[in-house]
Amino acid sequence: MGRYFLKRLLQGGGVIIGVTVLVFVVTRLVGDPVKVMLPLEATAEQRAEFEKQLGLDRPIHVQFVDFMGGLTRLDFGDSLWQRRPAMRIVFEKLPLTLELAFMGIGLAFFLSIPLGIIAALRPGGASDRSTVFLSLIGLSVPQFWLGLLLIVVFAVQLGWLPTSGVDTPAHLIMPTITMALPALARLVMIVRSSMIDELNQQYVRTCFAKGISFYRVVGVHALRNAALPVVTLCGWELIRAVAGYSVVVETVFAWPGLGLTAIQAIEREDLILLQAIVFTVAVLVVLINILMDVAYKAIDPRLKLA
Amino acid sequence: MKSLLDELWRDKAGSTGIVMVVALILMAAAAPLIAPYSPTTQDLRARLAPPVWEDNGSWKHILGTDHLGRDVLSRVIHGSRVSLTVGAAVVLIAGTFGVILGLVAGYRGGRTDSFIMRWIDTQVAFPGLLIALIILAVIGPSMLTVVLVLSLNGWMVYGRLTRGAVLSVRQTAYVEAAEMVGCSSVRVVFRHILPNLTSPLLTLAILEFARIVLAEAALSFLGMGIQPPATSWGLDVATGKNYMFRAWWLVTFPGVAISITVLAVNLVASWMRLISDPQEREKQFARQMRALRKKHAPQGLQETPSL
């Protein structure tokens, strides 16, 4: 057990180092950061000045050692756009992104279980077919477009909800729904198919034969066994939400989390802030992966982790 | 082949999906012939014209015009070209790379296998969209770079699937026989192992196609994908966003186009999975039998509890 987690931690470290090295290579070698970050009309002297200021005039291996050294102290340098430490900006924005991701995936999780079970009770029935069809539609609608439609209907036409911002709980409603929909569609499908499998097992029949109530058989015995793939997918959805969806959803609703900050950093060509954001997101992804392993073990004690 | 078509006809969702996909491909191929205008022709006197059925709408611009007076219908028709091209190119590049690495890993085994699998595990845990955005910001967004970046992010699924399937086929008698007879490893892999993987790989490729169409739209929406003056549905939604409160049609129609395309592809994929996965087939068969039995059994004499 302990050995397994050590292995996973090492693997996670590999991911984080891989991401940072890739970002380093892309920003320093493939592209020319000075060219990206300075306006076209800058003079040669300004360029040299800027290079010196960022330490880009030194040989690449010195830069790399310096970069990795800064990494161990969580120091990426000052954001070019806001002129203050990039990590401080990241830590300010991180809670907002986590809030949105957990709300969205949490909503998807709690809705998917009853919907998936109802569909699984009568495979091929009317409720099953409509659930599957609606899930397919949910998978096919682009997330950014769904967000815009919600804004047009509920903020512009009906005026019930604010379009963007973070001030009140009402501001959370539309971003959460937008975040939840694709995850909900995938989760419903997986709850449905793994419940169908479980309900066809012999032990379910035995439970019914013993006279255990319908709700207990379905909601406790079968659901517990069907939970493992659902938890796996939930972890993946959380990772997708933090590492991908947040960029899109936060841009649509002007939700000032890490995703929107990443887009702003790209627009302002602030590669330093961008590096800090990507590093943080990579760490989050690794952490969620490890938490998922712990959750597996708690759900299914038979599982041998190797 | 005939029985396959029969089966397709019986699955209404699957056949609708296929018909829609074929129609989309035809539309993309014949875009300049069908579209009433060129997607870039501006008509500044008819800016932000609403669709026909609205007040002030006219048959000149059936789905209205954007802020430069460009015909929305023509742009939607031309946009299909970008989505389908990017989707097909990425599936082809990422698929080829992933399948080759998966074949090598599964067939060679040992150190090669563990190296490739560790590579895949590491890259799967990367925050793909953010890295794509950085790469695009540094090397400059265009259709070519979007294809490259999405391929770079998407080959791992093919690698995993292929390797797993190779491992399960490797031990079979016919592969051993082929090796015994002295077939070269290239021949064994391409002639005896790869054909077994056709249907799961095809299903995966179709699912990935749907995912890529959405990813391209999202990148273009974020301004890091297809650049103007080229057309893309995602890009059109992004420009329409600025006129959202005055001209709802600018955001709506390109979004509907994306949704319909992805839905059609998803319908085809789920049908493919139903017919190609033996486990699914078995379940379907069992379901049909149960339905038959229910029909013929007298009331109250059902074998299974009413689940």
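Colleague: Why does B:Gln123 count as buried?

Modeller: Its relative accessibility is 13%. Buried means under 20% relative accessible area, exposed over 50%, and partly exposed in between, with a 1.4 Å probe and protein chains only. At 13%, B:Gln123 therefore falls in the buried class. Before we go on: this is a predicted model, in which local features need pLDDT of at least 70, side-chain atom pairs count only at pLDDT 80 or more, and totals for chains, interfaces and linings use all residues. Residues are numbered from 1 along each chain as its sequence is written, chains are lettered from A and ligands numbered from 1 in the order in which they are written, and side-chain values use heavy atoms, with hydrogens and water left out.

Colleague: Which residues is B:Gln123 in contact with, leaving aside its neighbours within four places in sequence?

Modeller: B:Leu152, B:Trp155 and B:Met156, where contact means heavy atoms within 4.5 Å. B:Gln123 itself belongs to helix α5 (residues 110–124) of chain B. Helices (H or I, at least four residues) and strands (E, at least two) are DSSP runs, numbered from the N terminus.

Colleague: B:Ile116 lies in that helix of chain B too. Why is B:Ile116 buried?

Modeller: Because its relative accessible area is 5%. Leaving aside neighbours within four places in sequence, B:Ile116 is in contact with B:Leu101, B:Val104 and B:Ala105. B:Leu101 is 15 residues away in sequence, with 7.3 Å from C-alpha to C-alpha.

Colleague: And A:Ala254, why does that count as partly exposed?

Modeller: A:Ala254 has 35% relative accessibility, so it counts as partly exposed. A:Ala254 sits in the loop between α10 and α11 of chain A, and its phi is positive, near 50°. Most residues other than glycine have a negative phi.

Colleague: Why is helix α11 of chain A largely enclosed by the rest of the structure?

Modeller: Because eight of its ten residues (258–267) are buried. Among them are A:Leu260, A:Ile263 and A:Ile266. The cover includes α5 (86–121), α10 (214–253) and α12 (271–299) of chain A, together with α6 (128–139) of chain B.

Colleague: What makes α11(A) roughly antiparallel to α12(A)?

Modeller: Their axes come within 9 Å and cross at roughly 150°. Axes are lines fitted to C-alpha atoms, for helices over the stretch in contact, with angles from 0 to 180 degrees between N-to-C directions. Angles under 35 degrees count as roughly parallel, over 145 as roughly antiparallel, 65 to 115 as roughly perpendicular and the rest as oblique. That makes α11(A) roughly antiparallel to α12(A). The contact is made by A:Leu258, A:Thr261, A:Ala262, A:Ala265 and A:Ile266 of α11(A) and by A:Leu273, A:Leu274, A:Ile277 and A:Val281 of α12(A).

Colleague: How do the residues of that contact of α11(A) with α12(A) divide?

Modeller: Eight are nonpolar, one is polar and none is charged. Ala, Val, Leu, Ile, Met, Phe, Trp, Tyr, Cys and Pro count as nonpolar, Asp, Glu, Lys and Arg as charged, and the others, Gly among them, as polar.
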